[in-house]
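My notes are below, in the order I went.

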Amino acid sequence: MRVDYGIGKSSEDYLETMIMLQEENKVVRSVDIATHLGVTKPSVSNAMKRLREEGYIDMDRSGKITLTPKGLEIAEKTYRKHKLLTEVFIKLGVDPKTAEEDACRIEHDISDETFNALCEHIEL
């Protein structure tokens, strides 16, 4: 069964992007998120407001964004699915760009049961 955190796919994408940017840059700002996702700054601003109000992120006065423990849990789980699915698809012979795009779509809908079974039965 898929764990439903009560947030949509878009919010999961924002949280996942934050953990990815954190790994790369250590500091995450709205402009970095907008650039990475190819969305407008106002869209990111609205999403950050919502995620902050729901307790998934914190933002300091300088604009630095950090994931709360609640947000980090979702971001890590989503990112783990994304990375593993991408690797599996590439190993199956799928073009890396297509593998990445498909993994991004599937990561939100795959059940934990299916994902865990996949993890147990593959060798990367």
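These entries cover cysteines, a helix pair, a loop aspartate and a histidine.

**Entry 1: the model.** I am working with a predicted model, so I read the distances below as computed values.

**Entry 2: cysteines.** How many disulfides are there? I counted zero. A disulfide is a covalent bond between the sulfur atoms of two cysteines, so I went looking at sulfur distances. For cysteine 104, the nearest cysteine sulfur belongs to cysteine 119, and it sits 17 Å away. The cut-off for a disulfide is 2.5 Å between the sulfurs, so 17 Å is too far for a bond. Cysteine 104 is partly exposed, at 27% relative accessible area. Cysteine 119 is partly exposed too, with a relative accessibility of 24%.

**Entry 3: helix 1 and helix 2.** Next I looked at how helix 1 (residues 9-25) packs with helix 2 (residues 30-37). Angles of 65 to 115 degrees count as roughly perpendicular, so that is the label for helix 1 and helix 2. Which residues meet there? From helix 1 I noted Tyr14, Thr17, Met18, Met20 and Leu21. Across from them, helix 2 brings Asp32, Ile33, His36 and Leu37. Sorted by class, this contact has six nonpolar residues, two polar and one charged.

**Entry 4: aspartate 60.** Where is aspartate 60? I found aspartate 60 in the loop that runs between strand 1 (57-59) and strand 2 (65-67). Aspartate 60 is partly exposed, at 39% relative accessibility. A polar atom of its side chain lies 2.9 Å from the backbone nitrogen of lysine 64.

**Entry 5: histidine 82.** I finished with histidine 82, which is in helix 4 (residues 69-91). Is histidine 82 buried or exposed? Its relative accessibility is 6%, and buried means under 20%, so histidine 82 counts as buried. What does its side chain make a polar contact with? The partner is the side chain of glutamate 100, at 2.6 Å. Setting aside neighbours within four places in sequence, I listed the contacts of histidine 82 as Glu16, Glu100, Ala103, Cys104 and Glu107.

Definitions and conventions
Residues are numbered from 1 along each chain as its sequence is written. This is a predicted model: local features need pLDDT of at least 70, side-chain atom pairs count only at pLDDT 80 or more; totals for chains, interfaces and linings use all residues. Side-chain values use heavy atoms; hydrogens and water are left out. Buried means under 20% relative accessible area, exposed over 50%, partly exposed in between (1.4 Å probe, protein chains only). Axes are lines fitted to C-alpha atoms, for helices over the stretch in contact, and angles run from 0 to 180 degrees between N-to-C directions. Helices (H or I, at least four residues) and strands (E, at least two) are DSSP runs, numbered from the N terminus. Angles under 35 degrees count as roughly parallel, over 145 as roughly antiparallel, 65 to 115 as roughly perpendicular and the rest as oblique. Contact means heavy atoms within 4.5 Å. Ala, Val, Leu, Ile, Met, Phe, Trp, Tyr, Cys and Pro count as nonpolar, Asp, Glu, Lys and Arg as charged, and the others, Gly among them, as polar. A polar contact is a pair of N or O atoms within 3.5 Å; within protein, one must be able to donate a hydrogen and the other to accept it, and residues adjacent in sequence count only if both atoms are side-chain atoms.
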